[in-house]
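Biologist: I would like to learn how to read a model like this one. Please take me through it feature by feature.

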Amino acid sequence: MTKYSPTELVETLGSGLLSFPVTHFDADLQFDEPAYRAHLEWLSGYDVAGLFAAGGTGEGFSLNAEETDRVVRAAIAGAGGKVPVLAPATGSTVNAVAHVKAAKEAGADGILLMPPYLTEAGQRGLVEHISAVCAATDLGVIYYSRANAVLGTDALEQACARNENLVGFKDGVGSIEQMTRTYAQLGDRLVYVGGLPTAEMFALPLLQLGVTTYSSAIFNFVPQFALDFYAAVRRQDQVAVYAMLNDFVIPYTKIRDRESGYAVSIVKAGLAAVGRPAGPVRPPLSDLLDAERDELQTLVDKVSGSKA
């Protein structure tokens, strides 16, 4: 039985911080389910509004269908009903439909519809893609607009009109003009989620455009800092936000930007820095170099307080 109707899912996700848990791998790059479950138990003990299993930071692009199902089921078990868990729908339309059916069977609370793999598509085709996925489930669906699947406002409005269970729009582009158009035209029809890498960098300005929440990667390893940052954003405390940006977030992004794919790798390095290792990243990603890990460790020690 679905625990959240699409309407309830919107209300819950829009009320607080969201995050992508990393996916734990062992030394042989196989899914480490016990460690992953323990991680979800830890994260769901914090006041977080929702968790996206097997998403971008979770290296969902490197998982096969069976692994994705295992990760989603392990996330649901680890969260223990305390936090809604959203499953991914990825790849071609056929694959994405299969993912949403498996997610429903596994007991997921919602769907994050990721961009199709590789193929470029026009607006009409993306609306059809969204509609096929929404028609395959009664779960609430959040559309992730980024990469080769950037959806314009008119096409998004068409998709909303056709699909009642399309309940969210996750912005992975960061265009102020585009988000202004979208929020002005669609208003509260959707929950708007910030989806750029290290979303904290954009959280304050996007709040004015209806983006009331975002998915925080750093929540994985400094959850209290991430929650404090989110709280400062929501109360529009510019002094606190910019202090935290300067103390941690901006230096963190300087390490992140040194190599493509580090937006994921640095999160796993952060978990190692707080004594909760999640294993290596899978190729084609690369782990941080030792000197970069040391640099990150210094930053993490400033804001984490301990390795508990």
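Biologist: What share of the contacts in the protein with a separation of 6 or more comes from residues 24 or more positions apart?

Modeller: That share is 71%. Keep in mind that this is a predicted model.

Biologist: Which secondary structure elements does the protein have, and how many?

Modeller: Twelve helices and eight strands. The C-alpha trace spans about 50 × 45 × 35 Å along its principal axes.

Biologist: What percentage of the residues count as buried?

Modeller: Of the 308 residues, 55% do. The protein exposes about 12800 Å², of which carbon and sulfur atoms supply 52%.

Biologist: How many positive and negative side chains are there?

Modeller: There are 24 positive and 35 negative side chains, and the centres of the two sets lie 1 Å apart.

Biologist: What is the order of the strands in the sheet?

Modeller: The order is β1-β2-β3-β4-β5-β6-β7-β8, in an open sheet with parallel pairing. The edges are β1 (18-19) and β8 (213-214); each has a single partner strand, so one side of each is left without a neighbour in the sheet.

Biologist: Which bridges can I look up inside the sheet?

Modeller: Take two pairs. Strand β2 (residues 50-52) pairs with β3 in the parallel sense over two bridges, and Leu-51 has Val-85 as its bridge partner in β3. Strand β5 (residues 140-145) pairs with strand β6 (residues 166-171), also in the parallel sense, over five bridges. There, Asp-171 of β6 is the bridge partner of Ser-145.

Biologist: Is strand β3 largely enclosed or left open by the rest of the structure?

Modeller: Count its buried residues. Five of the five residues of β3 (residues 85-89) are buried, so the strand is largely enclosed by the rest of the structure. Val-85, Ala-87 and Ala-89 point one way, Leu-86 and Pro-88 point the other way, and all are buried.

Biologist: Is Phe-229 buried or exposed?

Modeller: Phe-229 is buried, with a relative accessible area of 0%. The residue lies in helix α9 (residues 223-234). Leaving aside residues up to four places away in sequence, Phe-229 touches Glu-200, Ala-203, Tyr-214, Val-241, Met-244, Leu-245 and Val-249. As for Asp-171, from the bridge with Ser-145, its C-alpha is 19 Å from that of Phe-229, and the two residues are 58 apart in sequence.

Biologist: What should I look for in the backbone angles?

Modeller: Most residues other than glycine have a negative phi, and most peptide bonds are trans. Leu-29, in the loop between β1 and α2 (33-43), has a positive phi, near 65 degrees. Ala-54, in the loop between β2 and α3 (65-79), has a phi near 55 degrees, again positive.

Biologist: What is the relative accessible area of Leu-29, and what is that of Ala-54?

Modeller: For Leu-29 the value is 24%, so this residue is partly exposed. Ala-54 is at 2%, so this one is buried; the cut-off for buried is under 20%.

Biologist: Where is the cis peptide bond?

Modeller: The bond joins Pro-283 and Pro-284, with omega about 15 degrees. Pro-284 is found in the loop between α11 (262-273) and α12 (290-304).

Key:
Residues numbered from 1 in each chain as written. Predicted model: local features only at pLDDT ≥ 70, side-chain atom pairs only at ≥ 80, totals over all residues. Heavy atoms only, no water. Helix = DSSP H or I, 4+ residues; strand = E, 2+ residues; numbered from the N terminus. Buried < 20%, exposed > 50% of the residue type's maximum accessible area, 1.4 Å probe, protein only. Contact = heavy atoms within 4.5 Å. Areas by Shrake-Rupley, 256 points an atom, 1.4 Å probe, with all protein chains shown as cover. Lys, Arg positive; Asp, Glu negative; His and termini not counted. Charge placed at Lys NZ, Arg CZ, Asp CG, Glu CD. Pairing = 2+ DSSP bridges.
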